[in-house]
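Hi there,

Here is the structure I promised to pass on to you. Please open it alongside this email, so that you can find each place as you read.

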Amino acid sequence: MSSPPSLPPRDATVGEVTRWLGEHRCSARQLIDGYLDFLEHLGREIGAVVETFPEQARAAADQSDQRRAAGEILGPLDGIPFTAKMNITTEQGTSDASSSILKGFRAHEDATAVRRLRAAGAVLTGKSNCDEFAMGASNETSCHGVVSNPWDRSRVPGGSSGGAAALAGSHGWAFHLGSDTGGSIRQPAAFCSATGFKPTWGRVSRRGLIAFGSSLDQICPVARDSEDCRQVLQVMEGHDPLDATSLTLDDETVQPISRVALVSEGFGPAIDEQIATAVQAAAGQMADQGIEIIERSLPHIEAANACYQVIATAEASSNLARYDGVHVGARESSKDLQSLYETSRHRGFGSEVRRRILLGTFVLSAGYREAYYTRAQAVRDLIREGIDQVLEECDALLLPVSPFAPFPIGERIDDPIALYACDILTVIANLAGVPALALPCGFDASGLPIGMQLMGARGSDHRLLELGSRWQQWTDHHRALPDGGAA
Amino acid sequence: MTWQTVVGLEIHAQMSTETKMFCACVRETGAEANHNICPVCTGWPGALPVLNAEAVRRAIRAAISLGCQIQPESRFDRKNYFYPDLPKGYQISQFYRPYALGGEIHFPREDGTDAVLPLVRIHMEEDAGKSIHADDQTSRIDLNRCSSPLLEIVTEPLPMSGVEAANCVRSTREILRWIGVSDADMEKGNLRADVNVSVRPTGSDPLGTRTELKNLNSFVSIQRSVEVESARQIQVLEAGGVIRQETRLWHQEDEVTEEMRGKEDSPDYRYFPDPDLPVVIIELTDIERERSSLPETPASRRVRLVEQLQIAPREAESILARREFGDFFDAMMAAGLSAASASNWFRGEVLRHLNELELNLDDYPLTAESIAAVVKSVEEDRISVAKGREILQQSIADGRSPTEILAGTSEQVSDESTLMAWVQGVLESHPDVVDKIRAGDARLMGFLTGQVMQASKGAANPRKVQQILQRLIQQS
């Protein structure tokens with residue numbers, strides 16, 4: 001057999017690369033070598049990559065090529081490179097959630113999602129940077145350093161899955177696993193011009209996801225397009241006996257979405273005008289293709305961010321209690337137990353994580369619990385009911401992902417309220433447990449990416465992804481790549 | 001003024017499931033330290049709890065047996081606090097919505113009358129690990145016990161003495177053991193109690209301020225701590241003082257209680273629903289399935305033994321002492337013995353063996369069926385009672401089954417003419433003894449029987465020998 005003439009183009013989707021592999025235009029080994037080269041150079045340059053697994057990845061690629069030669073490929077992802085966010089446990093390498101307190105932590109075990117993807121032939125090539133314990137919207141709280149936005153390296157890539165989205169926004173061929181608790185896959189996807197999908201809560205097992213806000217967390221794919229996200233979801237999703245909250249899925253017949261509601265609050269005064277215009281234009285393109293566009297208001301959305309801050313921090317304060325310097329977590333030598341706890345936790349956690357633990361501890365405390373935590377749960381019920389009601393009148397909601405464009409590194413990091421404002425349009429999906437898909441929909445005047453999101457009813461994940469795929473056939477925003485760092 | 005002591009209990013019982021509450025680790029006591037642990041029970045990043053269905057089944061059995069209302073929906077919450085033997089930094093427990101409400105414990109008063117202690121609730125929770133504080137200023141942590149399944153039984157307050165408080169825990173232990181939910185062994189730490197004690201003037205209605213004594217692990221400590229603490233409270237009150245609501249430590253050796261922390265210092269556990277665990281749904285069919293597989297209660301077994309099987313109440317009590325005793329007795333009857341002989345042989349032989357060998361019935365080498373086979377041989381006159389006992393003893397000693405030994409044993413001779421020859425020979429050799437018996441010394445009958453048994457080399461049926469001896473001596 002003659003050697004293949006070249007590697008796929010840098011913007012090629014996983015689906016396109018799969019066809020290259022199928023037609024023997026390149027081998028998995030060549031693909032993985034090329035992708036490792038990208039990770040080691042551009043990936044590290046922008047701070048998106050924490051570690052790579054060249055030996056294991058090359059061995060896995062060789063095995064994939066052998067399977068293909070024997071006609072025994074494991075599916076469409078066989079031989080495709082992927083990375084996992086630092087808060088997702090992997091057998092290889094470290095899984096420290098980008099926190100000093102877990103520095104060097106080896107889980108020795110793949111998260112269920114990672115295990116399923118590897119069993120389908122996908123090749124784990126490295127770990128991606130993120131905000132510490134996924135707390136942040138700018139990837140500036142990581143113990144591994146800041147990640148730069150590939151479209152403008154002076155700006156943030158968004159967060160917390162900033163590394164994963166920056167990789168997906170810079171290069172094709174691969175997909176990346178991140179997580180989304182309040183927008184952590186969608187907002188960086190929008191900032192980096194990638195496609196990111198947050199599934200229905202419980203659709204993907206959380207086993208192996210280092211918990212932040214358990215009732216909100218989901219493992220998510222971020223990739224070049226909606227179809228790639230769908231392929232990845234299909235492998236990851238479904239009941240896992242190791243996660244009692246993971247869903248048992250019925251066979252879903254994917255009814256194409258025909259009616260979409262623009263969420264009026266997504267176009268208010270707090271939203272950047274260019275972003276609002278771009279998303280409205282996208283709605284117009286959908287209408288041109290025969291999708292009925294209506295406009296609806298989401299009740300209680302103005303309370304969503306406060307509600308989210310209370311619930312996410314309450315759960316985080318408990319989830320992060322295990323990093324106490326006794327069992328898991330760096331131990332600072334101390335004269336007694338109390339100071340062991342205090343110094344280990346004070347030195348191990350960064351200031352944003354400490355802030356959220358303190359806030360979460362406060363909202364659960366006797367005397368404040370009713371006013372904050374209990375009330376936030378009641379508001380959460382209202383938000384869920386509100387979104388469910390609107391989704392009875394349409395198949396999906398359309399709104400921007402972020403109210404503003406990627407901002408300069410350092411601009412908001414000392415202003416938590418300004419940083420939390422990133423989440424105002426994303427947290428509702430987590431509070432309601434509904435799926436949400438972030439899609440690139442253009443660029444502003446400064447050439448910075450703009451993202452829009454579709455939200456659907458719980459369980460309509462594949463319908464949303466199907467609409468995303470259709471829309472991406474009509475448009476080519478998702479094909480754009482930033483200059484520099486050629487593969 | 002006289003005072004009345006009021007006691008409320010929180011009884012923690014470890015359920016005897018194969019595995020732990022939320023993971024597949026083996027639940028066993030006494031393993032090498034940190035041997036039975038996994039990412040879930042040690043709270044490793046990324047690990048999630050999954051509820052053990054067997055623990056729920058056992059919890060349902062306990063709730064049925066204690067007469068609780070089982071809740072169709074219950075939930076697990078997180079109780080947050082820092083301690084080195086609590087690796088997650090929280091304990092998973094049912095705080096807001098326990099699976100069982102109400103119920104009662106029947107217990108004997110000191111005067112022997114029956115009394116009822118109402119329950120508030122029972123909830124499921126996981127245990128913490130163990131901290132071992134060594135003399136060299138180090139502390140070691142053993143997480144084997146961590147996440148073992150517990151039931152916490154919370155009672156209402158009721159006037160009672162220290163002895164009666166211990167009786168309540170004893171009654172609870174008996175029930176949990178009887179239904180196979182817990183080994184409930186205080187020495188092994190799988191049954192512990194917290195005791196709430198208050199005193200009030202006799203005849204007064206409102207409860208006094210209570211203090212809590214935690215982690216009592218013997219019946220003596222329950223009894224004595226209630227007695228000592230109520231005496232302390234009375235002394236304080238009579239001296240014009242007030243009781244503070246607080247948690248106190250019980251020192252068993254010195255028999256004193258000591259202040260540990262006041263109510264205002266009690267930790268804020270910041271309970272909230274555990275988002276990792278779905279609502280626990282218990283259907284009526286789940287409850288019915290457990291109910292139908294519950295063993296006969298001690299009370300209904302007592303009625304069956306005494307009224308139906310006509311066993312004397314005192315004899316019945318020794319069979320009722322433990323559930324497995326009654327089960328063994330039933331198995332002996334199922335193997336064909338009458339109630340009377342099953343009772344005689346169980347009490348006379350089986351219990352004696354257990355006593356002598358210091359064994360639990362679980363470790364007893366003989367089966368009810370093989371004992372029944374031996375007893376039947378006795379009842380059919382093929383072997384003597386003494387021979388039957390000897391076979392059982394021998395089987396225990398050398399490990400051969402009683403039926404095997406039985407097969408190698410020659411049947412005793414019951415044939416009238418053969419026996420007659422042996423008896424006559426003995427009577428002729430001992431005319432003086434015959435005379436003495438006729439003169440009224442009946443004890444010598446045993447001597448003559450022994451002589452006949454010797455003459456037959458042990459083969460004669462001793463009962464028949466006695467009959468013939470009696471007949472011949474009286475005749476002539």
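Below is what I found, going from the contact between chains to single residues.

Please keep in mind that this is a predicted model.

**Where the chains touch**

Let's start where chain A touches chain B. The contact takes 35 residues from chain A and 25 residues from chain B. On the side of chain A, the elements that give two or more residues are α9 (301-319), α10 (337-348) and α11 (351-364). The largest share comes from α9(A), with three residues. Sorted by class, this side of chain A has 18 nonpolar, ten polar and seven charged residues.

**A helix in chain A**

Next, look for α15 of chain A, which runs over residues 461-474. This helix has 14 residues and reaches 20 Å from its first C-alpha to its last, close to the 20 Å expected at 1.5 Å a residue. Which residues of α15(A) are buried? They are A:D461, A:H462, A:R463, A:L464, A:L465, A:L467, A:G468, A:W471 and A:Q472.

A:R479 counts as partly exposed because it has 16 C-beta neighbours inside 10 Å.

A:G433 sits in the loop between α14 (427-432) and β10 of chain A. With 19 other C-beta atoms within 10 Å, A:G433 is partly exposed, because a residue needs 20 or more to count as buried. A:G433 and A:G202 are 231 residues apart in sequence, yet 8.4 Å apart in space, C-alpha to C-alpha. Leaving aside neighbours within four places in sequence, A:G433 is in contact with A:T200, A:W201 and A:R458.

**Two helices that cross in chain B**

In chain B, the axes of α6 (residues 313-320) and α8 (residues 339-357) come within 10 Å and cross at roughly 55 degrees. The two helices are therefore oblique to each other, and their crossing is left-handed. Where do they meet? B:E315, B:S318 and B:I319 in α6(B) meet B:S343, B:F346, B:R347 and B:L351 in α8(B). These residues divide into three nonpolar, two polar and two charged.

**Some backbone details**

Most residues other than glycine have a negative phi, and most peptide bonds are trans. With that in mind, here are some places to check. The peptide bond from A:G159 to A:S160 is cis, with omega near 10 degrees, and A:S160 is in the loop between β3 (123-128) and α5 (162-170) of chain A.

A:H24 has a positive phi of about 55 degrees although it is not a glycine. It lies in the loop between α1 (14-22) and α2 (28-45) of chain A. B:R270 also has a positive phi, near 45 degrees, and lies in the loop between β16 (256-262) and β17 (272-273) of chain B. Are these two residues buried or partly exposed? A:H24 is partly exposed, with 13 other C-beta atoms within 10 Å, whereas B:R270 counts as buried, with 25 C-beta neighbours inside 10 Å.

Enjoy exploring it!

Note on methods
Residues are numbered from 1 along each chain as its sequence is written. Chains are lettered from A and ligands numbered from 1 in the order in which they are written. This is a predicted model: local features need pLDDT of at least 70, side-chain atom pairs count only at pLDDT 80 or more; totals for chains, interfaces and linings use all residues. Two residues are in contact if their C-beta atoms, placed from the backbone, lie within 7 Å. Helices (H or I, at least four residues) and strands (E, at least two) are DSSP runs, numbered from the N terminus. Ala, Val, Leu, Ile, Met, Phe, Trp, Tyr, Cys and Pro count as nonpolar, Asp, Glu, Lys and Arg as charged, and the others, Gly among them, as polar. The expected span of a helix is 1.5 Å times one less than its number of residues. A residue is buried if 20 or more other C-beta atoms lie within 10 Å of its own, exposed if 12 or fewer, and partly exposed in between; C-beta atoms are placed from the backbone. Axes are lines fitted to C-alpha atoms, for helices over the stretch in contact, and angles run from 0 to 180 degrees between N-to-C directions. Angles under 35 degrees count as roughly parallel, over 145 as roughly antiparallel, 65 to 115 as roughly perpendicular and the rest as oblique. A crossing is left-handed if the near helix is turned anticlockwise from the far one by less than a right angle, and right-handed if clockwise.
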